[in-house]
Amino acid sequence: MTIEKRLALSNLYMILVPVLITFLIAGLCVAGIWFTITRSTGVGFEDSEDFFSASQGISTLVEEELSSSAADMKSKIARLSRILDRSSMTLVIYEGSLEYFSYGEKKPEDMQLLKAVSLFHDNGVVSNGERNLYSHTFSVGNKPYRLLLFSSQSNKSYASVKSVVALALIFLAFTIFFSVRLTNRFLTKFVFRKIKDPLDLLAEGEKQLGQGNLEYRLEFTEENEFLPICRAFNEMAMRLQASEKQLIQDENDRKELMADISHDLRSPLTSIQAYVEGLLDGVATDEKKKHSYLMTIKAKAMDIDHMVSQLLAFSQMEFDEYPLHLVSSDLSVIISRFLAEEREHYSAQGLNIVEELVPAVAIFDFDQLRRILSNILGNSIKYCRSGQVDVHISMQETEQEIIVEIADDGPGVKETDLPRLFDVFYRADRSRNNPGTGSGLGLAFVAKAIQKMGGSARAYNAIPHGLVIRMGFKKGKTL
């Protein structure tokens, strides 16, 4: 359930729950008041006529009980207590001058009422405004009886009712107050807990990331507004973890690059130093030997120059400082022109080139394309074991790109080496002891140059042996 729905429900419950509780308690209070009126406080009498009628009825019942032949007359008369209680009346029966039966509360003002009724020969109804007295004399058999019924006026009964009503209203007010308070507290927890728990979870996640635990992920499945936030947090943590891994990899690559540069420069520099010392020490005694030493020094210097040139070009591309002049042209024409110019040079080095080209317009840089082809073909010559290698250059056009594949029948590379074949200074182990056979920058430059032209490059082993460089170029517009 979303936080928005919880807030809407809490607002609804905040109104409905106190109202329902108030109605329930109010009903109980009304029932209590009604019970008090009908069972306890009595109904009272508004005038003497009502009191006289009720008193006559009670007197008749008392006479009937006294006239019966039952042994326990008092217990029978006591059965009238329910009627007396309901009417808030006090009953006193005299047998002669002795009190025979009494029920109810007597009050001091009753003596004044007795004196007043004696003026009427002890029969009649008298009242002092607050208290009523009904007096009746009768005989049962030969025994004289006198019945006295006392009752308070209705305002006394209403005073008790008012007290009960006041207490009920106070209780109802407290009930409303506490129902609102408890409902508010419950609903606050109902909503606040669904906000506090995700916030605590996010705070813990921030703490874990701050301590370097980039593998920490939030486990949150509630379908509410915090779910996309927690997902975004996990995605951020994944990106941070990937960035950290990339930084570590970049640092390792930098260290490896420095080591490779040092290794690849040290060998030709050592050779140059040795031959220069040989010339200075007079080891080369004739002109022919001196010429040989100087040619070796020149070759080593050219190797260093080529390596530095490749490294500089790669670095410029890495920092987007290498100038590119992209054009949309027929790729097969440029490749054919390059092969026509360089075929004799490569044939002299044992490279037999067979091309299978088709017209296809692509986006590329003329100079960089020639350098790419030169690097790949030179790489095939360097790692040829037999001194003779066949190279097949093919083209095909797909819906997305123009593909150029250059495949040789050389030894190929290990499957474990393929993913790193385009890394800077990465070479197969067999050439590591002889840097002059390859700087490890050729294929790295190929991949970077094609990437800058909007394409891609990858390598895979040919069957039964050999290496295939597959290059994809962006399709151009046909003129």
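Let's start with the rings: there are 6 aromatic pairs in this model, and the model is a predicted one.

Take Phe52 and Tyr134. Their geometry is edge-to-face, with 5.8 Å from centre to centre and 65° between the planes. Look at where they sit. Phe52 belongs to helix H2, residues 48–67, and Tyr134 to strand E4, so this pair links distant parts of the chain, 82 residues apart. Phe52 is partly exposed, at 32%.

Next, Phe338 and Tyr346. This pair is tilted: the centres are 6.5 Å apart and the planes make 50°. Here both residues are buried.

There is also a cluster. Tyr100, Phe138 and Tyr145 make up one aromatic cluster.

The charged end of Arg371 sits over Phe445, 4.7 Å from the ring centre.

Now helix H5, residues 110–118. Which of its residues are buried? Asp110, Leu113, Leu114 and Val117. Down the helix axis, these buried residues fall within an arc of 100°, so they line one face of H5. Why would such a spacing give a face? An α-helix has 3.6 residues a turn, so residues three or four places apart point the same way.

What covers that buried side? The cover includes three strands: E3 at 124–127, E4 at 131–140 and E5 at 143–152.

The face away from the buried side carries Met111, Gln112 and Lys115, which are exposed.

Methods: Residues are numbered from 1 along each chain as its sequence is written. This is a predicted model: local features need pLDDT of at least 70, side-chain atom pairs count only at pLDDT 80 or more; totals for chains, interfaces and linings use all residues. Side-chain values use heavy atoms; hydrogens and water are left out. Buried means under 20% relative accessible area, exposed over 50%, partly exposed in between (1.4 Å probe, protein chains only). Helices (H or I, at least four residues) and strands (E, at least two) are DSSP runs, numbered from the N terminus. The arc is that of the directions from the helix axis to the C-beta atoms. Contact means heavy atoms within 4.5 Å. Rings of Phe, Tyr and Trp (its six-membered ring) pair if their centres lie within 6.5 Å; planes under 30 degrees apart count as stacked, over 60 as edge-to-face and the rest as tilted. A charge sits over a ring if NZ of Lys or CZ of Arg is within 6 Å of the ring centre and within 35 degrees of the ring normal.
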